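Me: I am new to this structure and would like to go through it step by step. Could you start with the terms and then turn to the ligand?

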Amino acid sequence: MATSTSADISGAESIARANRARSYINFDEPAPMLETVASLAPPVTAQPATRLDEPRLVTTQPLVVVRNLAKHYGAVTSVAGVDFVAYPGEVLGIVGESGSGKSTVLRLLNFEEPPDEGATYQINIDAYRELNLFDLDRFSKRELRIYNIGIVYQNSHHGLRMRNTSSGNVAERLILAGEREYSRLRSVSKQSLAVSEFPVDRMDDLPMRLSGGMQQRVQLAKAIALKPKLLLLDEPTTGLDVSVQALVLDTLKRLQRQWGITMIIVSHDLGVIRMLADRVIVMRHGRVVESGLTDQVLEDPQAAYTQQLVHAKL
Ligand SMILES: Nc1ncnc2c1ncn2[C@@H]1O[C@H](COP(=O)(O)OP(=O)(O)OP(=O)(O)O)[C@@H](O)[C@H]1O
Ligand SMILES: [Mg+2]
């Protein structure tokens with residue numbers, strides 16, 4: 001696997017320019033999964049294909065490749081030697097008991113803190129291809145987060161400013177991307193809230209006056225306003241009423257189907273994982289103990305720990 005250091009990064013400004021050229025959310029656009037797949041270059045190291053019958057799927061590269069991800073807090077092992085990939089348009093689930101390192105994985109992928117040395121994180125987007133994202137400078141990480149990575153936290157207090165309006169929270173992301181025109185900030189925020197199935201007549205309300213389900217929709221609107229390639233979801237429906245939970249899951253599913261956004265969703269709820277995730281990784285004590293297709297892992301768990309987890313939920 002090729003890795004790079006920040007010294008290899010040719011021009012953070014070219015990354016910035018490529019990002020700024022992207023358009024805002026647009027309902028009428030074709031599904032980005034098609035764009036994503038179409039924009040995937042053949043593997044750099046691959047030899048020219050000599051067989052015409054080579055299966056198409058085999059050459060599809062993952063959008064995200066994570067290797068040897070680790071994080072220690074003093075003597076506490078939060079994450080240790082975690083490897084996974086996420087393919088364009090797929091939903092990857094992460095399950096595991098409390099304290100198994102699930103949220104830490106998402107925080108690391110969102111550059112909220114650095115991992116232990118030796119971890120690599122790659123994303124198959126033109127400007128970043130072949131780079132180890134953990135080695136990018138602060139500016140490039142910020143650009144990547146603004147334009148290509150969205151996150152929804154379990155606790156909306158982490159993801160939202162409770163004293164700003166809901167539309168203001170979404171607009172904040174657009175402002176970070178350089179948008180200054182008020183009418184445009186407002187219309188794009190409104191559109192993003194609508195796509196997240198937030199009742200737009202409440203867009204001027206403060207999040208603290210909204211229900212938990214609505215707050216999660218504001219977080220979602222903020223996360224997807226710039227159509228990220230990767231959406232990180234940390235227990236997005238935990239704590240919500242079951243019926244509200246189902247509605248939020250429906251919204252996520254629709255977004256994934258229509259836009260083909262790649263999602264990594266953390267949940268301790270196997271029902272959520274079963275409904276949304278194509279593949280799942282099971283974590284315990286910071287390590288991956290099992291991974292595979294969701295149906296396979298949940299129907300026929302191999303690791304003793306997964307068996308326990310599945311049976312506890314029956
Ligand atoms: N900032 C921190 N400082 C010290 N220890 C931390 C920190 N963040 C996480 N940890 C520790 O890392 C381990 C994994 O935490 P993490 O929050 O990733 O677990 P989790 O799988 O998301 O759990 P939960 O299901 O309860 O949300 C825990 O032992 C936790 O105490
Ligand atoms: Mg957590």
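Reply: Ala, Val, Leu, Ile, Met, Phe, Trp, Tyr, Cys and Pro count as nonpolar, Asp, Glu, Lys and Arg as charged, and the others, Gly among them, as polar. This is a predicted model, in which local features need pLDDT of at least 70, side-chain atom pairs count only at pLDDT 80 or more, and totals for chains, interfaces and linings use all residues. Residues are numbered from 1 along each chain as its sequence is written, while chains are lettered from A and ligands numbered from 1 in the order in which they are written.

Me: How do the residues of the shell around ligand 1 divide into nonpolar, polar and charged?
Reply: The shell holds 2 nonpolar, 9 polar and 1 charged.

Me: And which residues are around ligand 1?
Reply: They are Tyr-73, Val-76, Ser-78, Gly-96, Ser-98, Gly-99, Ser-100, Gly-101, Lys-102, Ser-103, Thr-104 and His-268. Two or more of the shell residues come from each of β2 (76-86) and α3 (102-109); helices (H or I, at least four residues) and strands (E, at least two) are DSSP runs, numbered from the N terminus.

Me: Which element gives the most to that shell?
Reply: That is α3, with 3 residues.

Me: Changing topic, where is Glu-235 found?
Reply: Glu-235 lies in the loop between β6 (230-234) and α9 (242-259). Its phi is near 45°, a positive value in a residue other than glycine.

Me: Why does Glu-235 count as buried?
Reply: Glu-235 counts as buried because it has 20 C-beta neighbours inside 10 Å. A residue is buried if 20 or more other C-beta atoms lie within 10 Å of its own, exposed if 12 or fewer, and partly exposed in between, with C-beta atoms placed from the backbone.

Terms used. A residue is near a molecule or strand if its C-beta atom, placed from the backbone, lies within 6 Å of it.
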